[in-house]
Amino acid sequence: MKKSLITSLATILVLSATTAMAQQKMDGMKTMPMGKPAAGQTVHMAKGKVTKVDVGANIVTLAHEPVKSMNWPAMTMGFLVKDKMLFDKLIVGNKVSFEFVQEPKGYVVTKVK
Ligand SMILES: [Cu+2]
């Protein structure tokens, strides 16, 4: 009786360890550097409303509030979206808080909340 209980406990421990490892793998995937700011890049934060989405062209148009770090007034403009996962949150009509970086090709959205 006691022995089988210990065996079950050991099985549970092994199972939870495996689950934890699988979880770590998942977390690692989330932090893959895909459309994320590179080291040393200035990240700008802004709020805005999604007015247009072009998934094929990787562009989202945002009517954003003033961005102090860029010295920008409120305006509507297009941003590049390299990480397609971000389109899950970039839905026309949605009000979002987002982060972006300046790149040679344009402004790239790196995070959407
Ligand atoms: Cu702008």
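Q: Is N71 buried, partly exposed or exposed, and which count of C-beta neighbours inside 10 Å decides the matter?
A: One reads burial by counting how many other C-beta atoms lie within 10 Å, and 12 or fewer makes a residue exposed. In this predicted model, N71 has 7 such neighbours and therefore counts as exposed. N71 is placed in the loop between β2 and β3.

Q: Which value of phi does N58 have, and where is N58 found?
A: N58 is not a glycine, yet its phi is positive, at about 60°. N58 lies in the loop between β1 and β2. These two strands form a hairpin with four residues between them, and N58 is in the turn. N58 counts as partly exposed because it has 18 C-beta neighbours inside 10 Å.

Q: Which elements does the chain contain, and in what pattern do they follow one another?
A: The chain has one helix and five strands. Along the sequence the pattern is α-β-β-β-β-β.

Q: In which sense do β1 and β2 pair, parallel or antiparallel?
A: Strands of a sheet pair through backbone hydrogen bonds, in either a parallel or an antiparallel manner. Here β1 and β2 pair in the antiparallel sense, over six bridges. One of the pairs joins K49 to its bridge partner A63 in β2. On β2 and β3, six bridges again describe an antiparallel pairing, and H64 has M75 in β3 as its bridge partner. β4 and β5 are likewise antiparallel over six bridges, with F98 opposite V112 in β5.

Q: What do the five strands form together, and in which order?
A: They close into a barrel in the order β1-β2-β3-β5-β4, with mixed pairing. Neighbouring strands of this sheet are turned against each other by 60° on average, direction ignored.

Q: Which side chains of β2 point to the buried face, and which to the other?
A: The side chains alternate along β2.

Q: Why does H64 count as buried?
A: A residue is buried if 20 or more other C-beta atoms lie within 10 Å of its own. H64 counts as buried because it has 22 such neighbours. H64 belongs to strand β2, which covers residues 59–64. Leaving aside neighbours within four places in sequence, H64 is in contact with A46, K47, G48, A74 and M75. H64 and F98 are 34 residues apart in sequence, with 9.6 Å between their C-alpha atoms.

Q: How many residues are in the largest nonpolar core, and which have the most contacts inside it?
A: The largest nonpolar core has 13 residues, and V60, F79, F98, F100 and V109 have the most contacts inside it. The elements that give two or more residues to this core are β1, β2, β3, β4 and β5. Not counting residues up to four places away in sequence, V60 touches V50, V53, F79, V81, L90 and V109.

Q: What share of the chain is buried, and what share of the contacts joins residues 24 or more positions apart?
A: Buried residues make up 14% of the 113 residues in the chain. Among contacts with a separation of 6 or more, 46% join residues 24 or more positions apart.

Technical notes:
Residues are numbered from 1 along each chain as its sequence is written. This is a predicted model: local features need pLDDT of at least 70, side-chain atom pairs count only at pLDDT 80 or more; totals for chains, interfaces and linings use all residues. Two residues are in contact if their C-beta atoms, placed from the backbone, lie within 7 Å. A nonpolar core is a set of buried Ala, Val, Leu, Ile, Met, Phe, Trp, Tyr and Cys residues joined through C-beta atoms within 7 Å. Two strands pair if DSSP finds at least two bridges between them. Axes are lines fitted to C-alpha atoms, for helices over the stretch in contact, and angles run from 0 to 180 degrees between N-to-C directions.
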